[in-house]
Every structure is written in structure tokens, then in C-alpha cells.
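Subject: Model for you to look over

Hello,

Please find the structure below. My notes on it follow.

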Amino acid sequence: MKKPYYLFLLLSVFTLWGASAYKPAEGGYQVGDTATDFKLKNVNGQLVSLRDQKEAKGFIVTFTCNTCPYAKLYEDRLIQLHQKYASKGYPVIAINPNDVTASPEDSYAHMQKRASDKKFPFVYLYDETQEIAKRYGATRTPHIYLLTRSGQDLKVAYIGAIDDNSGDPEKVQKRYVETALDHLLTGKAVPQTSTKAIGCTIKWRNNS
Amino acid sequence: MFPRRILFTCALLFSFLLAGNSLMAQTQKVALVKLPHLQKYLNSTSDTTYIINFWATWCKPCIEELPNFEAVQKQYAGQPVQVVLVSMDFAKDLDKKVVPFVNRHKLQSTVFLLDEPDQNAWIDLVDPSWSGAIPATLFVNNARKQRLFLEKPITLAQLNTYLTSTFSHTP
């Protein structure tokens with residue numbers, strides 16, 4: 001009677017251990033790297049890949065979610081970015097990488113609701129396996145990877161924040177992503193290729 | 001005479017109660033600080049191990065691990081170990097969210113709110129490996145030339161292990 005009990009205890013200790021094992025992305029893309037394509041499900045049920053959008057000069061790939069206050073603070077600014085730059089060849093590609101067990105309100109159904117409530121003009125994709133977030137090296141929401149076409153490839157041109165004031169759009173001094181895009185669109189080198197910002201840690205799946 | 005004395009005693013008792021109440025209701029202040037205040041801890045040369053945790057009232061994994069920092073601060077009382085909880089909440093939420101949170105959870109560790117919205121300007125000063133995700137924790141003891149940075153939640157067992165093995169403290 002005693003033995004199985006201890007076994008169970010041991011097992012639960014290991015399970016707890018596993019549950020606390022957050023696994024942040026290691027490596028990931030650096031500026032200048034070639035970004036590989038993906039195929040992820042949009043909130044309208046369709047699979048989206050970058051290769052399909054042949055007319056695009058690049059993409060504003062944004063790891064975001066429904067729940068993070070910082071991500072939510074940037075939703076309106078993401079919409080504005082898309083409205084300003086999609087017609088110039090750089091649409092926003094929003095991707096939610098959060099694990100649904102760790103963050104239930106980041107489920108696909110909640111994504112659909114959020115996209116329709118906020119009338120997202122851009123695609124909002126579900127990275128259910130978290131493979132793409134890991135491949136990119138995303139750690140937080142929001143986390144931007146600006147891609148630009150170079151021949152057949154998509155190169156990472158900028159990694160980081162949208163601007164320098166998440167809390168107050170009125171007080172923004174530096175619009176990192178806009179500056180990078182304006183330089184790319186006029187064929188110039190991006191002056192600041194990476195920035196850091198506070199964000200919510202991506203909710204990784206246990207033991208993944 | 002007699003009823004008056006009772007009245008007096010009652011008044012006295014009542015005033016004591018009031019004083020006691022106001023003491024009970026005394027709230028921990030949370031300072032709104034700029035970068036130099038944080039740098040005092042980052043660059044301190046005293047033989048103190050600072051456990052500097054970056055958190056926010058809106059960050060679920062941060063809130064879940066706060067009791068671990070509170071516990072370790074208690075365990076190492078009398079030791080040169082100091083927990084510093086740096087809130088990443090917005091300055092406008094100080095009185096509305098941060099102070100009520102700190103008092104509701106009766107936090108005993110040092111808490112302040114770092115009001116530096118241009119995060120790209122200072123994240124690297126905490127640690128170059130920090131991407132900006134929270135929770136994040138820096139252990140630093142410049143006198144012992146030891147530092148350790150973690151961009152993930154920490155358990156109480158891990159906190160103890162780091163303090164005993166890396167920083168040679170005993171609770």
C-alpha cells in the first residue's frame with residue numbers, strides 16, 4: 001500500500017517540476033538572417049503563408065496575444081501601421097503564440113472574438129505548436145520582426161518594439177518600426193535595427 | 001460624577017481605538033523613481049546580495065512568484081540579502097493599482113515603481129541578455145563579483161539554491 005503512494009508522490013513532484021520549467025526561445029533570428037516561411041491558421045479559418053503574398057515587399061510580423069496589457073495597448077497602433085504600410089507593400093502579420101492551457105483566453109475562439117471586436121484589418125494567426133515563435137526567437141508580446149524581400153528570400157530587417165512609449169501613444173518620441181519602414185521603402189539602410197521593451201513573457205507549453 | 005467618569009473612560013478608550021485603527025490602516029508607500037535610483041542597487045559596492053525582481057500587477061506569472069521573494073526575504077533576515085521589487089506598471093497606475101496591490105498582499109520587501117517609459121534606454125543596463133519579458137530577476141553582489149540574471153519565473157527552491165551556492169549565504 002505504501003509503495004504506490006510514494007511512487008505517486010514522486011511522480012507528482014516530477015510533474016510539478018515540469019510545470020515550472022519555462023522554456024524561453026534560444027537563439028532565434030538575428031537581423032540579417034533569412035526568415036523561413038510558415039503556414040498558420042488565420043482567424044477566418046484559412047491557412048496563411050508568406051509565400052502566397054507575392055505582391056508584398058515584406059511583412060510586419062508581430063507576436064502578440066489577446067491577454068497581455070502591453071499587447072493590447074499596441075492594437076490600435078498595429079491597425080494604424082497596417083493601414084499606412086500595407087498599401088505600400090508591408091502588411092501586418094499578427095501571430096498569437098501563447099499556450100491555451102497556460103493562458104485560456106488566448107484560445108483560437110478568443111482570437112476570433114478579439115479580431116472581430118477590434119476589426120483587425122490584418123491577419124491574426126494561431127501558432128498553436130509555438131514552433132514559429134521559437135524559430136523566430138520571440139520572447140514576449142508584443143515582439144516585432146520586420147521582414148523585407150531580398151530576391152527570393154525574406155530577410156530580417158528589424159527586431160524589437162513598435163515605438164518608445166507603450167503606455168502613452170501621445171508621448172511617443174521614436175517610432176522604431178515606422179522609421180525602419182520609411183528607410184526600407186526609400187532603399188536606405190535601417191538606422192536602428194533592434195530595440196528592447198518590456199512585454200509579457202510568451203506562455204510556453206510545458207515540456208515543449 | 002460617576003457617569004461623567006464613565007464617559008471620560010469611554011472617550012479615552014475610543015481615542016485609543018482610533019489611534020490603533022489609524023496605525024493599522026497605515027499603508028506601505030511605493031516610491032515613483034527614475035533610473036538613478038535603480039542604478040544605486042545595480043552598482044552598489046556593499047557586500048549585499050540584491051535580488052532585483054521586475055514585475056507588474058498585470059503580469060500573472062510575476063504575481064504567482066511574489067510569495068517566493070517575500071519568503072526568501074524573511075528566511076534571510078539579518079543576512080546581507082535584500083529583495084527589491086521593481087514594478088513595471090505605468091506611473092499613472094501607482095495609486096490606483098500598485099499601492100492597493102502592495103497593501104492587499106502585505107508585501108514586506110522594498111517596492112518601487114520605475115517610471116522610465118523609454119525601456120530600450122535602460123533594459124541593457126540591467127542585463128544585456130534581457131529581452132524585456134517579465135518576470136525577470138537579477139541577483140547581484142558587486143563586492144563578491146557575482147551576478148545572475150533569469151528571464152523566467154523562479155521557485156523558492158531555486159532562490160535558495162542560488163543564494164546558497166552562487167552567493168554563499170546561509171539562511
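**Across the chains**

Strand β9 (residues 199–201) of chain A is joined to β5(B) by two bridges, and the two run parallel. Gly199(A) stands opposite Ala133(B) in β5(B). Strands count as paired if DSSP finds at least two bridges between them. Helices (H or I, at least four residues) and strands (E, at least two) are DSSP runs, numbered from the N terminus.

This is a predicted model: local features need pLDDT of at least 70, side-chain atom pairs count only at pLDDT 80 or more, and totals for chains, interfaces and linings use all residues. Residues are numbered from 1 along each chain as its sequence is written, while chains are lettered from A and ligands numbered from 1 in the order in which they are written.

At the interface, 20 residues of chain B are in contact with 18 residues of chain A. Contact means C-beta atoms, placed from the backbone, within 7 Å. On the side of chain B that touches chain A, α5 (123–126) and β5 (133–134) of chain B each supply at least two residues. That side divides into 11 nonpolar, five polar and four charged residues. Here Ala, Val, Leu, Ile, Met, Phe, Trp, Tyr, Cys and Pro are nonpolar, Asp, Glu, Lys and Arg charged, and the others, Gly among them, polar.

**Confidence**

The model has ipTM 0.81 and pTM 0.84. Chain B has a mean pLDDT of 88, with 84% of its residues at 70 or more. The pLDDT is the predictor's confidence in each residue, from 0 to 100. Treat residues 16–25 of chain B separately: pLDDT is below 50 there, and the stretch has zero contacts in the model beyond near neighbours in sequence.

**The sheet of chain A**

Chain A has six helices and nine strands. Seven strands form an open, mixed sheet in the order β2-β1-β5-β4-β3-β7-β8. β2 (47–49) and β8 (153–160) of chain A are at the edges with a single partner strand each, so one side of each has no neighbour in the sheet. Direction ignored, neighbouring strands are turned by 35 degrees against each other on average.

Strands β3 (residues 58–63) and β4 (residues 92–96) of chain A run parallel, joined by four bridges. Ile60(A) stands opposite Val92(A) in β4(A). Helix α3 (residues 75–85) of chain A lies across β3 and β4 of chain A, at about 150 degrees to β4(A). Axes are lines fitted to C-alpha atoms, for helices over the stretch in contact; angles run from 0 to 180 degrees between N-to-C directions.

Best wishes

How values were computed
Two residues are in contact if their C-beta atoms, placed from the backbone, lie within 7 Å.
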